[in-house]
Amino acid sequence: MVSFKRIYADFKVFSVGYLRNKFGLFFGLIFPVVLILIFGAIFSGDAGVVNVYAQNQDEGAFGQNIGNNFLTALNESTTIRVVIVNTSENFTDFLSSKSASDGIVIPTSFTKDYLAGQQVNVTVYGSPASSTSGIVSGTVNGYINYFNLQRFNGTMVIGMTSATVNTEQTTYIDFLVPGLIGFSILTNPMFSLVNIAADYKKNKLFKQLSLTPLTKMEWLISKVLFYIALSAAGFILMVAVGVIAFGAHIALSLWLIPFLVLGPILFASLGMLVGSVAKNPETAGVIGNVITFPMMFLTGTFFPLSMMPEYLQTIARVLPLYYVTEGLNNVMVYNNIPNALIDIVVLGIITLVIFVLAVKLFKWRED
Amino acid sequence: MFPIEVKNLKKSYGSLKAVDGISFTIKPGEVFGLLGPNGAGKTTTIEIMEGLRERDSGEVKILGLDPWKNGYEVHKKIGVIPQDFTFFEKTTPKEAIKYYAKLFNVKADVDTILKEVLLDEMENHVFESLSGGQKQKTGLALSLVNSPELLFLDEPTTGLDPNARRAIWEVIRKLKAKRKTIVLTTHYLDEAQQLSDRVAIMDHGRIVAIGTTEEIIQQHGSGERLEIQGEQPLADYIRANTELQVEYSKTKEKITIPLKKKIDMLTALTTAEQSGMHWGEIQTRQDSLDDVFISLINKPLGEQGKEVKQKSNKKELH
């Protein structure tokens, strides 16, 4: 039989203690906001624009320098910023010295051959390992076609209009806010409860509590309620900072509540489970990190999942945090409620299993 | 009904017999001291009584209930300070008492409890900032919240400075005056002697002596003896002229005579006077609890390790 009076008493003592611990408070509430500010600042500049080195060896002809015109046009594109390299430099050495893989070289006879209608090649340096090389060669190719058409007075027939599938255009910060909310829903309860479970066991505080009418179920419910409250506070702070500081486009709806409730229950229970089965606080910390860190990076916390290769996306799908982050994205960014519902169901099942396991395996007394 | 009845209690951890068939009863209002060296089985015994550990076999009744099966009921009626008591670091004694009152669903007079354990000045300091003695007092305060008739104090003064120990003793004496039944484990003999009505000395999981300290000294000590400061000829003279058993220590220049009857003392002193020889200071001595304790726990009573060693030594000799 669960007593709400006892849960409230435990909740109160725990909350007051937590608020007195400045360190915990920092990691609970301030740290995720700092992360939003840092990542937001990093990616709020010209997101998606590639800097590329270019050397114009074109000697020109008839008072014209088509090579210059070409690079100027490239620089006005939405995807490339051209950085001119002096002709006195050896271009490949220069790229190496700058640790850059992308580069463009206009040959000496460019203007002459262009005007004479003779084949001439622009050299594009790139690397298969670099995600920017595709952008550079694609853009350069587009401008080559355009210049070819112009040479023979052709006209562009097919144009392109940019559009995205979302109601509003999404930016990186729009992914970052739900991602970091997921991050704090994972880390706060998980790290705290791994620590508490192992520490209380070592210091015999569970034994001490077992001598009172408080039951382990009531104790765990109290902790879960606390971390739901903490996650809600973190949620409000992070959304506020995302919107005010970076103008994030975020859709708020009641569909967020299941994630803000189930997430803390799941990770508080998981932390409890790890802390209970580990022999000492050190082992508990290690196991906690082994579980937490892959989840942190593989489930779309800092980058949208779609940026990752297929096999990593598959791995992400078996990690519980995936359903929190994915669900928050579905509600806050894509407004895709049917998909969010699937996330809620999966998350609910995982949560139930972990919670039951945690209550079963965590012991007040010893045999 | 006795508040505590223990019959043939046994508990092993693997091959180690932590508690090896002990029996005792504790009367209402009694302070019962459980003495013994580290590893004697005191804490295992007290934790089984508190319902924190399951026993292997034997009977344990706490206030008429089985402490393991009816742990939840038993815990409402007893007060406990576990060994190395700790609490939530950022919680004050006052908050802790209020918390316990809510858990036990009782109206606790916080100020009275704090005064009772001499902690009222520190009521608003968080637990981690308290001294060792103040932490123990917080534990005592918490064990009193549910107004228990039966209290278990597991090494309540271990690691405390002498002043803090005396303060804890004062609190325990006050509880004793209120007719609370108290089980106290300690490895300080003076503490047991100062506070307990009866003590049990445990060693290697067994009770090697039980009773009031006087009874234990009488049963296991060497009894009263007379010591006379003097020289060898005096010792020989007394030996020759009485039927007393006379021992002489040359280094201490001391004659020791066990007193089997009170009249032995008169006989010894009269004879010494008759000898005409010089004799100095006289005193009667009795074994202290310390002497008895040391002699009891140093006997290799059923300690397997020692027996095995002795056997293997013999083998080498043959």
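Which residues have the most contacts inside the largest nonpolar core? They are A:Ala197, B:Ala141, B:Ile182, B:Val183 and B:Ile201, and the core has 139 residues. A nonpolar core is here a set of buried Ala, Val, Leu, Ile, Met, Phe, Trp, Tyr and Cys residues joined through C-beta atoms within 7 Å. A residue counts as buried if 20 or more other C-beta atoms lie within 10 Å of its own, as exposed if 12 or fewer do, and as partly exposed in between, with C-beta atoms placed from the backbone.

The structure is a predicted model, in which local features need pLDDT of at least 70, side-chain atom pairs count only at pLDDT 80 or more, and totals for chains, interfaces and linings use all residues. Residues are numbered from 1 along each chain as its sequence is written, while chains are lettered from A and ligands numbered from 1 in the order in which they are written. The term pLDDT denotes the predictor's confidence in each residue, from 0 to 100. For chain B its mean is 87, and 94% of the residues of that chain reach 70 or more. Residues 301-318 of chain B stay under 50, and the model has 9 contacts beyond four places in sequence for them. The model scores ipTM 0.76 and pTM 0.75.

We return to the largest core, which has 139 residues. Helix α7 of chain A (residues 172-202) gives the most to this core, with 16 residues. Helices (H or I, at least four residues) and strands (E, at least two) are DSSP runs, numbered from the N terminus. Two residues are in contact if their C-beta atoms, placed from the backbone, lie within 7 Å. By that rule, and leaving aside neighbours within four places in sequence, A:Ala197 is in contact with A:Gly271, A:Met272, A:Gly275, A:Ser276, A:Ala284 and A:Phe362. A second, separate core of 16 residues includes A:Ile66, A:Phe70, A:Leu71 and A:Tyr114.

Helix α10 of chain A (residues 257-277) holds A:Ala268. This residue counts as buried because it has 29 C-beta neighbours inside 10 Å. Although A:Ala268 and A:Pro189 are 79 residues apart in sequence, their C-alpha atoms are 4.7 Å apart in space. Beyond four places in sequence, A:Ala268 touches A:Pro189, A:Leu193, A:Lys223, A:Val224 and A:Tyr227.

The two chains also meet: 21 residues of chain A are in contact with 20 residues of chain B. On the side of chain A, the elements that give two or more residues are α1 (4-20) and α8 (205-210). The most come from α1(A), with 7 residues. By class, this side has 7 nonpolar, 6 polar and 8 charged residues. Here Ala, Val, Leu, Ile, Met, Phe, Trp, Tyr, Cys and Pro count as nonpolar, Asp, Glu, Lys and Arg as charged, and the others, Gly among them, as polar.

In chain B, helix α1 (residues 42-50) is mostly covered, with 9 of its 9 residues buried. Among them are B:Lys42, B:Glu47 and B:Glu50. Just after this helix, B:Gly51 takes a positive phi of about 80 degrees.

Most residues other than glycine have a negative phi. B:Leu63, however, has a phi near 50 degrees and is placed in the loop between β4 (57-62) and α2 (71-77) of chain B. B:Leu63 is partly exposed, since 19 other C-beta atoms lie within 10 Å. B:Glu253 likewise has a positive phi, of about 50 degrees, and lies in the loop between β11 (247-249) and β12 (254-258) of chain B. With 15 other C-beta atoms within 10 Å, B:Glu253 is partly exposed.
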